[in-house]
Amino acid sequence: MDASLIGLALTMAAAWMQPDVAVLEDPDASRDIATVSQPGLIDAFEPVTAQPLNLGLSASAWWLRIKIPAAASSRLLSVPYSQNDELSLYRPEGEAWIESSAGDQQPYAHRHLLHATPLFEIPAGFSGVLYLRAVSSGSVLLPLELWDERAFWQQDRRAQLAYGFYYAFLLALALYNLFLWSVVRDRAYLYYVLYLFALVCFQGSYTGHGGWLLWPQSPAWANLATLVGLAGTLGFGAAFVANMVRTAGYCPRWHRALQGLMLAAVLTLPLLVLQYRAGMALLLLAVLISILVFPGAIISAYVAGARQARFLVIGLAAFLPGAALLVLRTLGLIPSNWWTEHAYQLGTLAEVMFLSFALADRINLLNAERDRATTALAEQRERSAQALLDTQDAERRRIAQDLHDGLGQQLLAVLGGLRGLPAEHTPPLESGLREAIQETRRVAANLYPSQLDRLGLREALEAMMATLFEPAGVDYTHEIDEIALDQRDALQVFRVAQEALSNALRHAAARHVSLRLQQRDDGYVLHIEDDGRGLPPPAQRRAGRGLTGMQDRALRLNATLRMEPRAGGGTRIELQAPLRHG
């Protein structure tokens with residue numbers, strides 16, 4: 001080992017010591033310094049063989065008789081535990097006793113030495129007996145350390161720096177996650193932020209820094225702040241776990257247990273004001289139960305499929321041992337030492353880091369859920385649009401059938417009845433009826449291509465081109481492969497081709513139109529070209545219902561639709577779609 005480290009260790013060992021201590025219980029808190037300092041009561045004090053002295057939950061007053069050896073320099077008697085309600089140190093001076101007070105019911109601003117934990121000054125050259133009286137509504141814990149004054153302040157700077165890092169780390173995490181909550185509005189972040197603030201309140205009060213730096217004039221709050229902070233830590237921690245791993249869905253029984261912890265945390269608050277010991281007992285019991293409930297809920301949710309629970313398992317593995325040691329130490333069931341004193345802080349540092357990892361992972365989880373929801377919504381919209389198109393096509397088929405079988409047949413019957421009229425009236429009536437029959441058939445064919453059901457897509461496209469272009473004198477060509485499409489997809493392809501060919505005839509004034517439907521390995525391509533005026537301006541193109549209908553039908557086919565100017569003038573339309581069997 002390095003010589004400087006050895007020298008530092010030896011210096012620190014010589015800088016402080018545990019004094020010789022004996023203890024006397026005063027059950028009814030009736031004795032004063034004049035009584036306990038009488039020579040006849042010396043034998044009533046019981047020697048303390050194990051330090052620190054942990055007397056647990058007790059309503060008694062406790063007197064400590066402390067032997068102080070002589071020293072040339074001034075010293076400090078430190079009690080590094082801030083939760084005792086009343087501490088009074090009595091030092092003899094002549095025939096009188098000089099009293100110094102501390103404890104969390106004593107305003108910090110009234111203490112002789114301002115520090116997070118009680119400190120009592122011992123003048124240089126003093127040797128003899130001191131008496132310390134302790135009373136507390138909570139656990140009575142009296143770790144005593146006798147320090148050289150200069151050495152104490154040197155080591156205390158390092159200790160306060162470590163505490164400053166601890167609080168800064170927690171507050172930085174709280175502020176960062178508060179910002180994230182303001183952006184994502186996920187309650188898990190809010191619960192985590194409230195948990196961190198409650199943890200800072202609890203730790204700051206438990207170590208004495210809150211009373212020292214934040215509320216030095218409020219002893220009543222200083223007495224309550226530790227348990228209020230612990231209740232907030234428990235309640236918001238349970239809410240965070242329930243929301244984070246979704247225990248309501250994954251493990252309902254454990255979810256009810258977490259709700260019980262939240263209820264206990266809420267009930268503790270009024271009890272602390274009305275009946276402090278009852279509130280403290282309820283809270284400490286709930287904390288002990290939480291040591292079973294938290295891992296049970298998290299592990300059960302993880303096994304049930306809650307992926308985000310894995311970081312919480314690691315965080316709780318670091319935190320729960322420290323929490324258990326803190327409760328057992330407070331109840332006086334285990335001795336107080338450096339590990340039992342600081343295990344909670346060390347555990348919370350590790351825990352909040354892993355909980356932050358869990359929240360970071362939650363962002364990925366939320367993004368994945370959002371993507372799934374978006375995909376599901378898009379699929380639902382596509383199904384709805386397809387259902388609408390199917391309904392429209394079915395209605396068109398019905399109307400076309402009614403026109404063909406109803407009005408068309410009636411017109412044919414009227415045409416047959418003309419044979420009984422005089423010959424001079426027959427020609428004009430017969431000509432009009434034949435035109436009406438032809439128009440009825442044309443409208444019915446436009447509403448729904450009956451050839452598509454009877455003959456298939458190829459023959460239906462050929463018949464449509466002949467019907468459109470031959471009466472208008474438009475030159476046309478087609479090259480159509482036999483492609484195995486189901487009835488729905490065939491109808492969509494037909495409608496796209498029908499709209500494109502109609503536009504070429506009615507709007508583009510084309511003189512030549514070509515159509516090619518070709519099969520490829522993984523799909524098929526529909527090409528339509530004309531030599532007309534070309535595409536309309538973009539504004540009109542967006543507003544046109546026909547082009548919008550073509551795009552909707554292409555979407556139903558999972559196809560890509562391209563419309564672009566043709567080299568040499570005119571328009572080129574290409575529909576490229578995958579083959580879907582069934």
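In this predicted model, strand 15 (residues 523–530) pairs with strand 17 (residues 571–578) in the antiparallel sense, over eight bridges. Within this pair, Gly-523 stands opposite Pro-578 of strand 17.

Both strands belong to an open sheet of five strands, ordered 13-14-15-17-16, in which the pairing is mixed. Strand 13 (475–480) and strand 16 (560–565) stand at the edges; each has a single partner strand, so one side of each is left without a neighbour in the sheet. From one strand to the next, the twist averages 10°.

Two helices lie against these strands. Helix 14 (residues 457–469) packs on the sheet and touches strand 13 and strand 14 (512–519). Helix 15 (residues 487–506) lies across strand 14, strand 15 and strand 17. The table gives the direction of each helix relative to one strand.

| Helix | Strands concerned | Angle |
|---|---|---|
| Helix 14 (residues 457–469) | strand 13, strand 14 | about 175° with strand 13 |
| Helix 15 (residues 487–506) | strand 14, strand 15, strand 17 | about 10° to strand 15 |

Another part of the chain holds helix 4, made of 20 residues (187–206). From its first C-alpha to its last, helix 4 reaches 28 Å, close to the 28 Å expected at 1.5 Å a residue. Gly-208 follows helix 4 and has a positive phi, near 95°.

Key. Residues numbered from 1 in each chain as written. Predicted model: local features only at pLDDT ≥ 70, side-chain atom pairs only at ≥ 80, totals over all residues. Heavy atoms only, no water. Helix = DSSP H or I, 4+ residues; strand = E, 2+ residues; numbered from the N terminus. Expected span 1.5 Å × (residues − 1). Pairing = 2+ DSSP bridges. Axes fitted to C-alpha atoms, helices over the stretch in contact; angles between N-to-C directions. Contact = heavy atoms within 4.5 Å.
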